[in-house]
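Hello,

Here is the structure for your files. My notes on charge pairs, a pocket and a cavity follow below it.

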Amino acid sequence: MLSRTPLGVAHGLCWTLAWLWYTVVPIRRRVAVDGFRAAFPDRAPGPDLRRMLRGLLLGYFELFREMRRPGSIQVEYRGAEDLQAQIASGKGGFLLAGHFGSWDLLGPMTNRDLKLPASTIVKVPKQKAAAELIEQIRRAMTMELLPARGCMQAVYDQSAAGRILVMLLDQRHNSGIDVDFFGRPALTSPALAVAAQKSGLPVFPLYFYRSGVGRHVVELGPALALGGDVAADTAHFQQVYEDLIRQRPHNWLWMHDRWRQPGG
């Protein structure tokens with residue numbers, strides 16, 4: 001049903017659902033509002049948060065449409081040359097991705113369209129049906145999944161074998177280290193900084209955003225300049241996220257308590 005819904009109709013429905021979420025059924029709205037206000041104290045949260053949820057929901061209509069009719073969603077790829085040169089050299093590397101735009105749609109599409117030898121580190125949902133659906137979607141677009149728990153040896157092995165490892169570090173990691181994020185300490189996994197330090201392989205930023213209904217942009221940047229210090233490099237990754245969020249505040253997933261400390 002989702003795959004056959006005209007995107008214009010889906011767009012209107014998603015706007016309605018976003019309005020209902022913000023005004024009538026505020027599931028995790030308080031978390032989103034508090035985080036947004038702390039990051040953007042001079043900006044009203046409502047318009048951006050409703051736009052965030054509208055885009056998130058619409059992305060799943062687009063995802064199932066793309067699975068039924070490959071090529072029906074338009075994606076413009078920018079700045080992939082450095083990453084493709086790294087792959088052509090036979091060397092592996094890392095992609096710093098995040099919960100931007102329609103990531104469940106664009107992550108797999110990027111892997112498929114650019115023919116990346118990529119593996120993504122993911123948190124497996126507790127609900128079995130949701131976990132199976134996500135796995136089915138990503139594997140349908142040739143993306144290999146690595147469960148987040150206990151995956152570091154696989155990360156080292158795969159990157160040494162020339163694969164690209166995709167990591168998302170923009171959510172709280174309870175056993176992580178505190179680094180600055182929008183002026184507040186935020187627990188963050190140091191895994192990517194450790195892996196880059198030990199392997200000597202580059203880290204490329206990956207960013208998704210919507211350019212219209214059924215249209216998206218994927219931007220890949222040149223390798224980030226890292227110094228080899230785990231804490232400093234982890235803080236640098238968070239600064240990359242912050243800079244991208246400031247460009248389009250509506251384009252990031254705010255429904256996560258990024259700054260909560262243990263016991264908070």
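In these notes, a residue is buried under 20% relative accessible area, exposed over 50%, and partly exposed in between (1.4 Å probe, protein chains only). The model is predicted, so local features need pLDDT of at least 70 and side-chain atom pairs count only at pLDDT 80 or more, while totals for chains, interfaces and linings use all residues. Residues are numbered from 1 along each chain as its sequence is written, and side-chain values use heavy atoms, with hydrogens and water left out.

Salt bridges

A salt bridge here is a side-chain nitrogen of Lys or Arg within 4 Å of a carboxyl oxygen of Asp or Glu. The whole structure has eight of them.

Arg30 pairs with Asp34, with 3.2 Å between the closest N and O atoms. Both residues sit in helix H2 (residues 29–39), four residues apart, about one turn of the helix. Helices (H or I, at least four residues) and strands (E, at least two) are DSSP runs, numbered from the N terminus. Arg30 has a relative accessible area of 45% and is therefore partly exposed; Asp34, at 41%, is partly exposed too.

Arg43 forms a salt bridge with Asp48, and their closest N and O atoms are 2.6 Å apart. Arg43 is partly exposed at 41% relative accessible area, whereas Asp48 is buried at 6%.

In the pair Asp113 and Arg112, the closest N and O atoms are 2.8 Å apart. Asp113 has a relative accessible area of 31%, so it counts as partly exposed, and Arg112 is partly exposed at 25%. Shared partners link Glu66, Arg112 and Asp113 into one network of salt bridges.

A buried arginine without a partner

Arg65 belongs to helix H3 (residues 45–68). Arg65 is buried but has no salt bridge, and the nearest side chain of opposite charge, Glu62, is 7.9 Å away. What does Arg65 contact, leaving aside its neighbours within four places in sequence? The residues are Ser3, Arg4, Thr5, Pro6, Leu7, Ser72 and Ile73, where contact means heavy atoms within 4.5 Å.

Pocket and cavity

Both come from a 1 Å grid over the protein atoms alone: a cavity is a set of points where a 1.4 Å probe fits but cannot get out, a pocket is an open set with protein on both sides within 12 Å along at least five of seven lines, and lining residues have an atom within 4 Å of a point. Grid points are joined across faces, edges and corners, and a volume is the space filled by probe spheres set on the points.

The second largest pocket has a volume of about 260 Å³. It is lined by 19 residues, and the closest to its centre are Arg51, Gly55, Arg210, His250 and Asn251. H3 and strand S8 (203–212) are the elements that give two or more residues to this lining; H3 has the largest share, five residues.

There is one cavity of 30 Å³ or more. The largest cavity has a volume of about 40 Å³. Its lining consists of Leu56, Gly59, Tyr60, Gly101, Ser102, Trp103, Asp104 and Leu105. H3 and helix H5 (103–113) each supply at least two residues of that lining.

Regards

Terms used: Lys, Arg positive; Asp, Glu negative; His and termini not counted.
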